[in-house]
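This report works through a model with an eye to how its chains meet and how one of them is built. Please keep the sequence and the coordinates at hand while reading.

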Amino acid sequence: MSATASDTGGKFYGSTIGKKIVMAVTGAFLVLFLVGHVAGNLQILSGKEKINHYAELLHSSAGLLWGFRLALIASVVLHVKAALELYTLKNAARPIAYAKKAHRVATLASRFMIWSGYVLGAFLVFHILHFTTGQAHPSFDAHGDVFRNVTTAFQNPAVAALYVVCMGLVGLHLSHGLFSFTQSLGLSHPSYSARAKTLAKVVAFAVAAAFAAVPIAVLAGFVK
Amino acid sequence: MRTFALTLHVWRQKSAKDGGRFAEYKAPNVSEHMSFLEMLDVVNQDLIAKGDDPIAFDHDCREGICGMCGFMVNGSAHGPHRGTTVCQLHMRHFQDGEELWLEPWRSAAFPIVKDLAVDRSALDRIIAAGGFISVPTGSAVDGNATPVPKVDAELSMDAAACIGCGACVAMCPNASAALFTSAKIGHLGLLPQGQPERHDRALKMVAQANVEGFGHCTSVGECEAVCPKQIPITFIARMNRDFLDAVIHERPQSDRGGSG
Ligand code: HEM
Ligand code: FES
């Protein structure tokens, strides 16, 4: 191996750290979106008027709406692209697996990031077909009656369960992802590093629980 | 003195080209006072007496400071105990009748030399890429000419404790050398003498680690759990930050200064 560093040095995305920084930044943007998204969703608990009015507000500027959607799509694409590239590299880095391998401290969440990611990706596609475009919704109202679309969907226990399980995976993905984000961007300092792991879990599962509250509330008959 | 028996499943491989397989050995008279390597020495004496090939493993100081030794014991680098090399791992931690699986470090960047011994030159090449400071030689400067804050000196020493054994790579689910590389980058980058080459060092060492085929860091933390020197992954965060700073500040060589 006579290769030297000079031919790859300085190339940001060419390095594994560069790819991780891309994942961290896009992941963080998606998390910020999720926080805003869930805050919006919870308005359904205040009734039909409130949530439908909110949905109308979001659609009031096509420019803003599409600008934001494009940023989201770009983030998902870059996040997944880097994830797949790193996964390929990682498999090449250890072509022969251990016959026996212990896990000393690795959490379930940290070991299955790619798998929780795959499911989230599939969920994302379904979710858009379900509540945005309606192809996956048996009685979709395309005229903006979001309240009706959500309540009719979640009155079906199977659909509600699917959403709750997927939100569990969001919690799992972010419980490790939010900590890993601090590492990837080098946000490390004795004053908070020790707490970063706990904080990541708390934020992750709080977001997930807030999302899951909507299908649960509909199914339990609190929202109708 | 407690003595007991163990069953060993040891990875035997003649060379990098050989396929390799597990072979089973009995260690009937293990003393609790032996180190893990001494236990293997006894097994090897038996093999030699029988005219068999002894198990090859790397070692030198046998006091946990040189970084030569290391293999997997039941899927843990340097065995199941925290903060120790396998040469300093004592047999008192094991029980009669235990079965132990011994495997070499597994990484595409660490070709197997023989049995449990691997070639870790890839780590040396990461150091050679930038793990140094350039100083004009000559008479030594005054000891305290360059003040170093105590906190930085301590942190730098924590990183400098890395003995380059490769356990971090071996234990990492991605076979990443991030902990090793970050320790070497952090150890110099925390000191005033390391500042002039700080950015260059981060770029070059990180790039070299990639050239060698090590994987990426997923912040899982298995490396710090098995590091014999207990170097924390906060150094990896530091390396990532140095790398990012370096990318932002990168200038073409010709722009760096004139002839003056
Ligand atoms: C709602 C959508 C998603 C959000 C909010 C999200 C968020 C995050 C965050 C914050 C990280 C940490 C980044 C880092 O390690 O620095 C991460 C890591 C990761 N994400 Fe996602 N993610 C999402 C969707 C996906 C999808 C669809 C995939 C599909 C492949 C995926 C795969 C991964 C993987 C493999 C990692 C771990 C990277 C590593 O540890 O090296 N994610 N994600
Ligand atoms: S032989 Fe020197 S560290 Fe184990």
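Contact here means heavy atoms within 4.5 Å. In this predicted model, and leaving aside residues up to four places away in sequence, B:Asn210 touches A:Ser15 and A:Thr16. B:Asn210 is found in helix α6 of chain B, and its C-alpha atom is separated by 17 Å from that of B:Arg241, a residue 31 places away along the chain.

**The interface between chain B and chain A**

Between them, chain B and chain A bury about 3900 Å², of which 58% lies on carbon and sulfur atoms. On the side of chain B, the residues that lose the most area to chain A are B:Arg106, B:His216 and B:Ser219, and these together account for 15% of what that side buries.

As for specific pairings, the count of salt bridges between chain B and chain A is zero, whereas 25 residue pairs, with both residues at pLDDT 80 or more, are in polar contact across the two chains.

**The build of chain A**

Chain A has eight helices and zero strands, and along the sequence its pattern reads α-α-α-α-α-α-α-α. Taken along the principal axes, the C-alpha atoms of chain A fill a box of roughly 65 × 40 × 40 Å.

How do the axes of helix α6 (residues 146-154) and helix α8 (residues 193-219) of chain A cross? They come within 8 Å and cross at roughly 70 degrees, and α6(A) and α8(A) are therefore roughly perpendicular to each other. In this contact, A:Val150, A:Thr151 and A:Phe154 of α6(A) meet A:Val214, A:Pro215, A:Val218 and A:Leu219 of α8(A); by class, the residues concerned divide into six nonpolar, one polar and no charged.

**Salt bridges**

Over all chains, a search of the whole structure finds 14 salt bridges. One salt bridge joins the side chains of A:Glu85 and A:Lys81, at 2.9 Å from N to O. Because A:Glu85 and A:Lys81 are four residues apart in helix α3 (residues 62-93) of chain A, they are separated by about one helical turn. Side chains of opposite charge can pair when their charged atoms come close.

Methods. Residues numbered from 1 in each chain as written. Chains lettered and ligands numbered in written order. Heavy atoms only, no water. Buried area = accessible area lost by both parts, 1.4 Å probe. Salt bridge = Lys/Arg side-chain N within 4 Å of Asp/Glu carboxyl O. Polar contact = N/O pair within 3.5 Å; in protein donor to acceptor, adjacent residues only side chain to side chain. Axes fitted to C-alpha atoms, helices over the stretch in contact; angles between N-to-C directions. Helix = DSSP H or I, 4+ residues; strand = E, 2+ residues; numbered from the N terminus. Parallel < 35°, antiparallel > 145°, perpendicular 65-115°, else oblique. Nonpolar A, V, L, I, M, F, W, Y, C, P; charged D, E, K, R; others polar.
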